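Please describe this protein model for a reader who has not seen it before.

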Amino acid sequence: MDKDSFPKIPLVLGLLLVSSSLAKSQEQEPQDACAQTEGMQHGLMNKFSIADYGVLLCMLVISCGIGMFYGFFGQKQKTSSDFLLGGSQMGTYPMALSLAASFITAIELLGNPAEMFNYGAKYWLICLPFIIVVPITSRLYLPVFMKLRLTSSYEYFEMRFNPAVRTMAAALYILQMVLYTSVTVYAPALALSHVTGMNVYVAVTAVYFVCIFYASQGGMKAVIMTDTFQGVVLMGSIILIMLVGNNLSGGTSKVFNESWKSGRLELVNFMPDPTIRHSVWSILIGGTIYWVSMFCANQASIQKYLSVEKISQARIALWISSAALIVIYTINFYTGMVIYSEYAACDPVQSEVIKASDQLLPLYTMNVLGKYQGLPGLFVAGIFAASLGTVASALNSLAAVTMKDFIGGAFGIHIQDEHGAAWSKWLSIMFGAVSFALVFVVQQLGSVMQVALSFNGMVGGVTLGLFSLGMFVPWGNSKGALVGASVSLALVLWIGIGTQIAQAHGFEPEEEKPISVAGCPCFNATESLAGGLEPFDNSSVFYLYRISYLWYSVIGFMGTLIIGLTVSLLTHNPEDPSRIHPDLLSPPFRTWYESFTNDLKEKLHLPIQEKDAVSPTSDAKANRNGSVTLREGFTNKALIMDDEKPITTPEAIA
């Protein structure tokens, strides 16, 4: 069988099963409207069929098979670099799809249609930051990562600042990802269980078992190739649901007309008030900083860039992954319009058919599209694929951070190359087990779920601020980095937790679009809504608790950068720019500083290049494989690295 057709098997199977069940479903007698609603309320309309389980099982088995191939039958992975970076020999397009898949969580697949249903299309503008992020990543941050070729990106902080900054950033990442992966698996499994009848514990266990197996056995190669396959499943499922749903709803014109009449197609709000949940400013500025942090300050992303040989490949992959994200978000929002067209006269949440809006898409798939056997299975396979892609990338990156920043860095334990892959495998298994155990903690503490999701953006903004302070500002020192990151993280955590507490007491960040229960045949709206609570006075909430969550990353980023630079300049020993190796600075900023006049350079303590000066790396030692190492004594920060460890490789330059 052609390996290129391998990932398409479940999608084709799903399409065949759907088409074969179409005729059968049309022969069924239509149910009475009242009986139909009662059936929805008791989850009895449609259940998973054998065909649905077959499609889901097929996706899970193939995912395990890919991990088994790379773990037991593929090229032997001897070193930690082979396991964690795929030997830097991965292809451009698989890496691009894997990058996109790691960004699309199951929470977003369920949440975006619900966002469209409840609040309208304003958040679709997040697609614009996807375009803005690519040149920022490609020109400002990516050249530094590709030139240094560090397995853990947080090693940069020890080279540029000191070990304390490195350890703090690595610890924050581990805490962030362990919490985040637990939530991104449990939340969608809970939503699916309420509607499909699938046991939530079985769903969570299946995801973790498959994910831990292929991520721990096959390493980065298995993660990327499985993500590619799962990306095909994910795309196939959401496209098929959108197309079939659009057809059943009466076509595109009817779907758009329903959303237009309800005011859900409002795209822009130019009010500069930061308390507006989704304004043009919060989405374009806050969304851009958030996604720059995901692309440029997230270990899982940076690790994938290093899995390819050339920087040109990584730049192509950035555009492909950005385009894939735009397509997925657009499909998600249009699916939300299709769902609203179906439930415009009978809101499932208000009519108590479901408990939360993240169950809208599973409800629609089961009770409207469920008559097509195989389609619900493909949908759940797509949700599982999103969870698997997120968790697998996280496990691989957590192993890398622990190996390099704690075992080799903070604890100083030297692991021989031939044992690196084995250590990495066991670390992947360990973090998978820890994340799985935390699912049961999250289940008991519901409020932790929202905090964990917000924590992802908070930590990302602070880490991006640290990278920016190091790469853009040669005067920033370790004291400034530590103080700036600590103060900014404390501030944004205070705001985020305060907001969650306010929401628990009735605060609503945004008023929902008009909904109706007038068309619910068996629902007594007067009786149900008679005991409703008085509207909550949002103005009584502290101002900072009312700002949009999209500004969290901006606060963390700007706070770290500004406070870090200020503290650096106020201390008695701000960093001497002439002692910083140029490879640690972002090339555009380095070029800009070099364009200053000698008088200005002297005032700013920037290195002055004489006509006969030797270039910074011209007297660097070249090791046997041709890579370049830092010159002894060039900078006290760089000496933290082993003197023989390469900082650049010829393959890193396109």
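## A serine in a loop

Ser 49 is buried, at 16% relative accessible area. Buried means under 20% relative accessible area, exposed means over 50%, and partly exposed lies in between (1.4 Å probe, protein chains only). Ser 49 sits in the loop between helix H2 (33-41) and helix H3 (50-73). Setting aside neighbours within four places in sequence, Ser 49 is in contact with Gln 373 and Gly 374. Contact means heavy atoms within 4.5 Å.

This is a predicted model, in which local features need pLDDT of at least 70, side-chain atom pairs count only at pLDDT 80 or more, and totals for chains, interfaces and linings use all residues. Residues are numbered from 1 along each chain as its sequence is written, and side-chain values use heavy atoms, with hydrogens and water left out.

## The chain as a whole

The protein chain has 24 helices and zero strands. Helices (H or I, at least four residues) and strands (E, at least two) are DSSP runs, numbered from the N terminus. Of the 654 residues of the protein chain, 57% count as buried. Take the contacts in the protein chain between residues at least 6 apart in sequence: 85% of them join residues at least 24 apart. The protein chain exposes about 27000 Å², and carbon and sulfur atoms supply 63% of that. Accessible areas come from the Shrake-Rupley method with a 1.4 Å probe; for residues, only the protein chains shown count as cover.

## One disulfide

A search of the whole structure finds one disulfide. The term covers a pair of cysteine sulfur atoms within 2.5 Å. Cys 346 and Cys 520 form the link, with their sulfur atoms 2.0 Å apart. The pair joins distant parts of the chain, 174 residues apart. Cys 346 is in the loop between helix H14 (311-343) and helix H15 (360-367), and Cys 520 is in the loop between H19 and helix H20 (525-529). The link of Cys 346 and Cys 520 is right-handed, with 110° about the S-S bond.

## Accessibility of selected residues

The table lists residues by relative accessibility.

| Residue | Relative accessibility | Class |
|---|---|---|
| Cys 346 | 16% | buried |
| Cys 520 | 6% | buried |
| Cys 127 | 3% | buried |
| Thr 288 | 9% | buried |
| Ser 486 | 38% | partly exposed |

Thr 288 belongs to helix H12 (residues 280-296). Not counting residues up to four places away in sequence, Thr 288 touches Pro 129, Ile 132, Val 133, Ile 136 and Ile 283. Ser 486 lies in helix H19 (residues 478-504). Ser 486 and Gly 559 are 73 residues apart in sequence and 9.6 Å apart in space, C-alpha to C-alpha.

## Space inside

The structure holds seven cavities of 30 Å³ or more. On a 1 Å grid over the protein atoms alone, a cavity is a set of points where a 1.4 Å probe fits but cannot get out; lining residues have an atom within 4 Å of a point. The largest cavity has about 100 Å³ of space. Helix H5 (92-103), helix H9 (163-196), helix H13 (299-305) and helix H16 (375-410) are the elements that give two or more residues to its lining. H16 gives the most, with three residues. Residues lining the largest cavity include Ser 102, Phe 103, Met 177, Tyr 180 and Asn 456. The lining divides into six nonpolar, six polar and no charged residues. Here Ala, Val, Leu, Ile, Met, Phe, Trp, Tyr, Cys and Pro count as nonpolar, Asp, Glu, Lys and Arg as charged, and the others, Gly among them, as polar.

Notes:
On a 1 Å grid over the protein atoms alone, a cavity is a set of points where a 1.4 Å probe fits but cannot get out, and a pocket is an open set with protein on both sides within 12 Å along at least five of seven lines; lining residues have an atom within 4 Å of a point. Grid points are joined across faces, edges and corners, and a volume is the space filled by probe spheres set on the points.
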